[in-house]
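Thanks for asking me to look at this one.

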Amino acid sequence: MGNRLSKIATRTGDAGTTGLGDGTRVGKNSLRIAAIGDVDELNSHIGVLLAEDGLPPDVSSALLHIQHDLFDLGGELSIPGYTLLQAPQVAQLDEWLEHYNAALPRLAEFILPGGSRTAAQAHVCRTVCRRAERALVDLGATEPLNDAPRQYLNRLSDLLFVLSRVLNRAAGGTDVLWQRERKS
């Protein structure tokens, strides 16, 4: 693996194609490359969240674990027919969802993205995750894909929503509630 990344500018993509991990070349506008790009963008936004001060250590640890899973997902997408993300990774998200949600008050109203800077960034991650999930669904409509990656992104967006609420509380605030009966 060390020698694979020794030359970054290969110029092989200048014509609008890129190489997959199995050696095939596809258009940079293909559904597969769009999904890979959305997963990569999500991973980058999680990196921004991790760079914020004041994250609880357990949340940082979970997010770092998630970054590794997302890198694996990108690898799986880059090699058609290959499997890296599996049911145990989805189950881990379910465990974190249950753990973090248990300590939160029940929602009686919709919440707006915001509050603390960390919570707002978690909401950005959530929305990018939903886009990555849609890209994966689009790809799955044209090519066979494993179920775990789609399930993983679905659970992850839920977890990021819950973590935004956790992070607002960790910063000393609360959720920003949508006001149905607000005055303009």
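This is a predicted model: local features need pLDDT of at least 70, side-chain atom pairs count only at pLDDT 80 or more; totals for chains, interfaces and linings use all residues.

1. Let's start with helix H2 (residues 57–78) and helix H3 (residues 87–102). Their axes lie 12 Å apart, at an angle of about 160 degrees. Angles over 145 degrees count as roughly antiparallel, and H2 and H3 are therefore roughly antiparallel to each other. Their crossing is left-handed.

2. Which residues make this contact? H2 brings Asp 58, Val 59, Ala 62, His 65, Ile 66 and Asp 69, while H3 brings Gln 89, Gln 92, Leu 93, Trp 96, His 99 and Tyr 100. By type, the residues of this H2 and H3 contact are 6 nonpolar, 4 polar and 2 charged.

3. Now for H2 and helix H5 (residues 147–170). These two cross at roughly 155 degrees, and their axes come within 12 Å. That makes H2 roughly antiparallel to H5. The crossing of H2 with H5 is left-handed.

4. On the H2 side of this contact you will find Val 59, Leu 63, Ile 66, Asp 69, Leu 70, Leu 73 and Glu 76. They meet Pro 149, Tyr 152, Leu 153, Leu 156, Leu 159, Leu 160, Leu 163, Val 166 and Leu 167 of H5. How do the residues of this contact divide, and how many are polar? There are 14 nonpolar and 2 charged residues, with no polar ones.

Terms used:
Residues are numbered from 1 along each chain as its sequence is written. Side-chain values use heavy atoms; hydrogens and water are left out. Axes are lines fitted to C-alpha atoms, for helices over the stretch in contact, and angles run from 0 to 180 degrees between N-to-C directions. Helices (H or I, at least four residues) and strands (E, at least two) are DSSP runs, numbered from the N terminus. Angles under 35 degrees count as roughly parallel, over 145 as roughly antiparallel, 65 to 115 as roughly perpendicular and the rest as oblique. A crossing is left-handed if the near helix is turned anticlockwise from the far one by less than a right angle, and right-handed if clockwise. Contact means heavy atoms within 4.5 Å. Ala, Val, Leu, Ile, Met, Phe, Trp, Tyr, Cys and Pro count as nonpolar, Asp, Glu, Lys and Arg as charged, and the others, Gly among them, as polar.
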